[in-house]
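The following questions and answers examine one protein model, moving from its overall fold to individual residues.

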Amino acid sequence: MMVWLNVGSLLLGILAWTLPVVTLVTYRKNHLTLAVMSMGACALSLSFQIFYHYHLVKIGDWSAIMDVTGSVALASAILIIVTILLNTMTMIRHKKEVIS
């Protein structure tokens, strides 16, 4: 059952990147709403990983924790950085369109 946290985390991470890309490719008037949804999906994705690590601690699976912690930390940093960059690019593009 807990493996679904990893699947959910992956899907939410993909959603966090997809929403700003869709906003960049197509003109959307609700770009702020989609940016907030993107950051929320990123936060939920990271929360799912925290809950999965908590589950591993509860069951005492220390070898699994040692195996995945480095990868999860790297993937989390990449997820946050790319999500922020994509949403920033979206805001800059739409700010220029409003000014023009």
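A pocket is an open set of grid points with protein on both sides within 12 Å along at least five of seven lines, and its lining residues have an atom within 4 Å of a point. The model discussed here is predicted.

Q: Which element gives the most residues to the lining of the largest pocket?
A: The largest pocket holds about 250 Å³ of space. Its lining comprises 13 residues, of which Ser9, Leu10, Ser45, Ala75 and Leu79 are the closest to the centre. Two or more lining residues come from each of α1, α2 (31-59) and α3 (62-99). The element that gives the most, with six residues, is α1.

Q: What share of the contacts in the protein chain with a separation of 6 or more joins residues 24 or more positions apart?
A: A contact here requires heavy atoms within 4.5 Å. Among the contacts with a separation of 6 or more, those between residues 24 or more positions apart account for 77%.

Q: What percentage of the residues of the protein chain counts as buried?
A: The accessible surface comes to about 6600 Å², and carbon and sulfur atoms hold 77% of that surface. Burial is assigned to a residue with under 20% relative accessible area. Of the 100 residues, the share that counts as buried is 32%.

Q: How many residues does helix α1 have?
A: Helix α1 covers residues 3-25 and reaches 33 Å from its first C-alpha to its last, close to the 33 Å expected at 1.5 Å a residue. Its buried residues include Leu5, Gly8, Leu12, Ala16 and Pro20. The number of residues in α1 is 23.

Q: Which residue with a positive phi follows α2?
A: Helix α2 has 29 residues and reaches 42 Å from its first C-alpha to its last, close to the 42 Å expected at 1.5 Å a residue. After this helix comes a residue whose phi is near 75 degrees. That residue is Gly60.

Q: Is Ala64 buried or exposed?
A: Ala64 lies in helix α3, and its C-alpha atom is separated by 14 Å from that of Ile50, 14 residues apart along the chain. The relative accessible area of Ala64 is 19%. Because the cut-off for burial is under 20%, Ala64 counts as buried.

Q: What is the C-alpha separation of Gly40 and Leu15?
A: Gly40 is found in helix α2 and is partly exposed, with a relative accessible area of 30%. Gly40 and Leu15 are 25 residues apart along the chain. Their C-alpha atoms are separated by 9.8 Å.

Q: What is the C-alpha separation of Val82 and Ala16?
A: Val82 belongs to helix α3 and counts as partly exposed, at 26% relative accessibility. Ala16 is among the buried residues of α1. Although 66 residues apart along the chain, Val82 and Ala16 have C-alpha atoms separated by 9.2 Å.

Note on methods: Residues numbered from 1 in each chain as written. Predicted model: local features only at pLDDT ≥ 70, side-chain atom pairs only at ≥ 80, totals over all residues. Heavy atoms only, no water. Buried < 20%, exposed > 50% of the residue type's maximum accessible area, 1.4 Å probe, protein only. Areas by Shrake-Rupley, 256 points an atom, 1.4 Å probe, with all protein chains shown as cover. Helix = DSSP H or I, 4+ residues; strand = E, 2+ residues; numbered from the N terminus. Expected span 1.5 Å × (residues − 1). 1 Å grid on protein atoms, 1.4 Å probe; cavity = no way out; pocket = protein on both sides within 12 Å on 5 of 7 lines; lining within 4 Å. Points joined across faces, edges and corners; volume = space filled by probe spheres on them.
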